[in-house]
Amino acid sequence: MPGSKSNLVSLHEDVINDTSDLSEMKISDEKGSVEKRTMTLIEKNGYHDSVYINAAKIFQGIRTEKRKDRILVQYGDDSVSPMLTFKDEYSQRVSYELAFNALKYQDLLEEILLDSCVYPCHLLVVMLYDLQDRKFQAREIFDEEEPVAEVRKIEGYLHSFRTKLAAALARCRIKHDALSIEYILPETIRKQEQRASALPLCVWINTYKISLEDVFRDLEKKGFTRVETVSDFDRYTYCVDQHCHDVLVFPSSLKEELLNLDLFADCKLLLQDKSRSLAVHSARALLNTGDDIIVAHIGSHLTIAHMSVLTNHSMSRIFVCGVKSSAKAAELRNLFSDMGCKNIQLLHEDFTEIGPTDPRLQKAKVLLLLPQCSGLAVGNPIDFILNEHGDAGLLRDLFQGSVSEDKLSILAERQLNELMHAMKFNKVQAIVYCTCSVYPEENELVVKKALESGVEGNKVQPYRLTPPVFSTCLNSKTSTEIFFKMEPSEISSGCFLAILAREKDSSERVSVKDILARAAAKGLLDGMVVEKSKEEEKKHPKVTQRRSNITGGSIEPKIAEVLHRQTVSTIKAEVSVPKAVSNIHQKNVNRTNSCVQLKKSIINPVSDIALPKVLKHTSPLSSVGKAYERQTLARKARAEHKRVVLKPVEIVLPPVITPYVSPQGSKPRV
């Protein structure tokens with residue numbers, strides 16, 4: 001019979017050869033067939049003793065609690081939260097991965113131990129998963145590490161009963177009719193794992209160290225081909241992201257090879273989820289030259305570094321809140337130094353502990369808020385927990401694919417409080433709010449409640465939602481949306497992004513200087529330098545000069561586009577006809593209301609004999625021009641704001657009427 005002892009013993013070798021690597025098999029979504037991966041498997045030799053201890057502590061906090069009528073194993077008292085100590089970033093990552101894998105296969109591992117008459121504990125469950133993952137082979141002992149007696153004792157016990165444990169695992173596979181232990185997982189979890197492992201890789205280019213063109217050339221030399229979209233991927237290919245010009249997308253199968261490239265080793269390319277790049281690009285688009293930015297949470301240091309790179313050519317500073325210890329601050333400074341980032345200032349206080357009138361933040365005009373959220377829109381839960389200040393307890397929710405109502409309520413309330421606190425900063429003009437959640441309670445509802453709260457007060461302009469800065473999101477399906485949303489899919493993780501900006505005060509006039517400064521900060525003027533105001537010149541002596549020719553073919557359309565809607569009414573109002581010119585015209589015009597453009601006077605000039613005395617010996621253009629010039633000079637002398645060189649405009653004046661005598665001697669006519 002299939003479950004007999006002899007059959008179980010004979011299956012031992014097959015179990016050893018087939019149960020270790022969960023990435024060895026994959027499911028084809030299109031055909032539902034199982035096919036072998038061609039990638040080479042990495043030999044697993046085990047971890048340091050400290051990794052097993054930390055993984056057991058993490059597993060203690062995230063393991064699935066069962067109903068009382070289904071409890072088969074008692075793990076002991078979990079009331080005391082365990083303290084975690086990691087040697088380095090690698091140890092931290094593998095500890096979480098080991099604990100998360102033990103969580104996924106908790107039922108299976110408990111069943112194996114009970115079938116083998118072994119009473120489970122947290123450390124035993126974690127080490128059993130690692131043992132079967134190593135095909136029940138002995139662990140390599142590292143001489144430089146300090147041994148942990150408890151780890152060595154359990155390891156010896158498991159190794160001595162490895163045949164019995166392998167037989168128990170075989171019985172479980174037969175019971176579930178599973179080709180490998182991967183197929184013992186529920187189908188929804190298995191598909192989620194498959195989707196996460198197949199997501200394309202997003203990397204951003206560190207332009208502190210290398211230009212985009214040099215990256216393209218380097219990748220081409222290494223055999224990579226640039227394609228248009230993700231759908232064109234074919235092994236060694238990549239494409240430029242449709243939203244962020246400095247983000248490249250690669251097939252997931254190339255992860256190991258990419259990380260071994262010099263571009264990654266030298267911090268020229270950095271691997272990060274696309275949602276973080278969308279957030280920093282949105283914040284960058286709202287900055288003017290010299291504006292500072294507040295990052296409300298430390299989160300991933302890569303997000304902060306990306307923000308620094310995007311503000312490389314401005315005088316902006318980035319204030320990062322929530323750096324708890326001096327040791328963490330020193331670690332971050334070293335990381336930022338390796339990436340070439342220099343305009344980052346670390347603040348030890350939490351964001352909600354910093355007052356809106358803090359003197360350090362008086363030049364901060366944009367606030368980037370990336371709150372702790374459920375993270376259900378991400379692909380790899382380990383990356384989310386480690387890089388986005390996530391709670392380890394969320395691993396259980398990410399594994400189950402849902403968040404409890406109580407925890408969701410707590411997260412949403414915390415996010416609302418942070419967003420409302422951000423709205424109290426009077427100097428801040430825009431807030432970028434971005435999450436990795438699929439729940440409206442953490443997204444639209446938080447933004448709506450914050451806007452309705454009115455916490456900004458009556459002395460400043462209120463906040464309103466602003467359409468996303470990414471033009472490609474305004475397609476036919478989402479043209480009416482005021483949020484940027486990406487649903488989780490086979491080609492990308494999901495995210496939610498909202499931009500809150502203060503309403504413009506209608507009583508305050510937006511000068512052309514401010515418009516051009518904002519355009520220059522966004523790189524729309526190709527490096528054109530705008531003249532400084534008198535006050536700025538007093539504080540800062542002249543360092544740069546205006547370009548003499550700023551009305552060239554490449555600059556004119558850009559300035560015209562920037563000023564089109566915001567200045568057209570102002571220009572029409574300012575270029576009004578002076579009173580002296582108007583009086584001259586009124587004397588010669590009493591019986592007509594027709595409008596004649598000044599341009600027509602130039603095209604059809606009249607003879608000197610036919611001109612009135614007031615206009616004799618001078619052309620209409622010169623007379624009008626001189627009168628307009630006098631008024632312009634007087635107005636410029638009184639102006640307090642700085643001059644800005646604009647594109648020449650065509651001036652339309654009130655009607656100019658001159659008598660015209662036909663060659664046949666007929667009566668004058670207009």
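**Strand β12 and the residues around it**

Reply: In this predicted model, strand β12 (residues 430–435) is mostly covered, since six of its six residues are buried.

Me: Which residues point one way from β12, and which the other way?

Reply: A430, V432 and C434 point one way, I431, Y433 and T435 point the other way, and all are buried.

Me: How do you know that β11 and β12 pair?

Reply: Pairing requires at least two bridges between the strands. Strand β11 (residues 364–369) and β12 have four bridges, in the parallel sense, and therefore count as paired. One of the bridges joins L367 to I431 in β12.

Me: What makes β12 and β15 a pair, and in which sense do they run?

Reply: Six bridges link β12 to strand β15 (residues 495–502), in the antiparallel sense. The criterion is at least two bridges, so the two strands pair. C434 stands opposite L497 in β15.

Me: Why is C436 called buried?

Reply: The relative accessible area of C436 is 3%. Buried means under 20%, so C436 is buried. C436 lies in the loop between β12 and α19 (444–453), and the unreviewed UniProt entry lists C436 under "active site".

Me: Which residues is C436 in contact with, leaving aside neighbours within four places in sequence?

Reply: Contact requires heavy atoms within 4.5 Å. Among the residues in contact with C436 are S275, R276, C373, F384 and G494.

Me: Why is D350 called partly exposed?

Reply: D350 has a relative accessibility of 25%. Buried would require under 20% and exposed over 50%, so D350 is partly exposed. D350 lies in the loop between β10 (344–346) and β11, and the unreviewed UniProt entry covers D350 with the annotation "binding site". Leaving aside neighbours within four places in sequence, D350 is in contact with C321, G322 and K324.

Me: How many residues does the largest nonpolar core have, and which have the most contacts inside it?

Reply: The largest nonpolar core has 62 residues, and L108, I112, L123, L165 and F384 have the most contacts inside it. This core draws at least three residues from each of domain 1 (49–185) and domain 3 (274–504). I112 touches L128, L165, A168, L169 and C172, not counting residues up to four places away in sequence. A second, separate core of 45 residues includes L270, F336, M339 and L368.

Notes
Residues are numbered from 1 along each chain as its sequence is written. This is a predicted model: local features need pLDDT of at least 70, side-chain atom pairs count only at pLDDT 80 or more; totals for chains, interfaces and linings use all residues. Side-chain values use heavy atoms; hydrogens and water are left out. Buried means under 20% relative accessible area, exposed over 50%, partly exposed in between (1.4 Å probe, protein chains only). UniProt positions are given in the numbering used here, feature names are shortened, and annotations may be inferred rather than shown by experiment. A nonpolar core is a set of buried Ala, Val, Leu, Ile, Met, Phe, Trp, Tyr and Cys residues joined through side-chain atoms within 4.5 Å. Domain bounds come from an automatic or database domain assignment.
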